[in-house]
Amino acid sequence: MDWGSVTAEDVIDALREVDWSSPPRPLSEFFSRFTVPRSSSKWNSRLKCNLYYYRTNYFLLIVLVLGLAFLRRPLALIAAVLTALSIAFLNDSFAGTFSEKVSRTVRQFSPHLAAKMRPPLTPVIRGRPSAKRAIFICGRPRWVFVMIFSSVSFILWFVSCGLLTVLWAVTFGLLATLLHASFRTPNLKARLNTYREEFRAVWRNYSEL
């Protein structure tokens, strides 16, 4: 995959659709080799490649920084978790997995309630969906959960007076992510992984025809 021709919008769309349940890369690989990019184009390609390949590591890094920053602020820690969930719900794979696990747990206690949590069926015309597939969580549109979790987290941020703390923590986490993605040399596994993901995307688009 030529990461130089991949736009930032493509990377964001890929991060939204890709499966985030994969385990993080080993620390020995994460901190393996660092070099200075030779040109701005090399830096641009390396940044996008590492952001995609080490996405789980960067997410855990930011969560760790937030957790350390809020050890003395339990309300702010809860707000950080709710904020992270509201952002994670924007990922299609995470939203579907979360909804499935919650429905499966509820089914053990109340099958009738679990039946109500099923997403509505999408009409199909001539073998194709009549509209773009919408994402549902526990039978409700995804945006409902995003709005609820975001609103509650904002209230907790305001009550705990931790907005300044989270700004410093997020800034530090994003800066560490940017520095690592800029200087970590992409290895062969990262390149092969991006080729495999590209093949899966092409095959998925072909199967939907």
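Two aromatic rings of Phe, Tyr or Trp count as a pair if their centres lie within 6.5 Å. The legends below describe close-up views of a predicted model.

**View 1. Phe89 and Phe145 form an aromatic pair.**
The whole structure holds 11 aromatic pairs.

**View 2. Five aromatic residues form one cluster.**
The members of this cluster are Phe30, Phe31, Tyr53, Tyr54 and Tyr58. One of them, Tyr53, has the charged end of Arg25 over its ring, 3.9 Å from the ring centre. Arg55 lies over the face of Tyr52, at 4.8 Å from the centre of that ring.

**View 3. Helix 4 covers residues 55-69.**
Helix 4 has 15 residues and reaches 21 Å from its first C-alpha to its last, close to the 21 Å expected at 1.5 Å a residue. Its buried residues are Arg55, Thr56, Asn57, Tyr58, Val65, Leu66 and Gly67. The unreviewed UniProt entry lists residues 52-71 as a transmembrane region, and also 77-98, 143-160 and 166-183.

**View 4. Ser153 is a buried residue of helix 8.**
Helix 8 takes in residues 142-160. Ser153 has a relative accessible area of 4%, so it falls under the 20% cut-off for buried. Apart from neighbours within four places in sequence, Ser153 is in contact with Ala79, Leu82 and Thr83. Residues 143-160 are 100% helix and 0% strand, and their end C-alpha atoms lie 25 Å apart. For residues 77-98 the span is 86% helix and 0% strand, with the end C-alpha atoms 21 Å apart.

Ser99 is in helix 6 (residues 92-109). Its relative accessibility is 8%, and therefore Ser99 counts as buried.

**View 5. Cys49 is a buried cysteine.**
The relative accessible area of Cys49 is 5%. How many disulfides are there? A disulfide needs two cysteine sulfur atoms within 2.5 Å, and by this rule the count comes to zero.

Key. Residues are numbered from 1 along each chain as its sequence is written. This is a predicted model: local features need pLDDT of at least 70, side-chain atom pairs count only at pLDDT 80 or more; totals for chains, interfaces and linings use all residues. Side-chain values use heavy atoms; hydrogens and water are left out. UniProt positions are given in the numbering used here, feature names are shortened, and annotations may be inferred rather than shown by experiment. Helices (H or I, at least four residues) and strands (E, at least two) are DSSP runs, numbered from the N terminus. Buried means under 20% relative accessible area, exposed over 50%, partly exposed in between (1.4 Å probe, protein chains only). Contact means heavy atoms within 4.5 Å. The expected span of a helix is 1.5 Å times one less than its number of residues. Rings of Phe, Tyr and Trp (its six-membered ring) pair if their centres lie within 6.5 Å; planes under 30 degrees apart count as stacked, over 60 as edge-to-face and the rest as tilted. A charge sits over a ring if NZ of Lys or CZ of Arg is within 6 Å of the ring centre and within 35 degrees of the ring normal.
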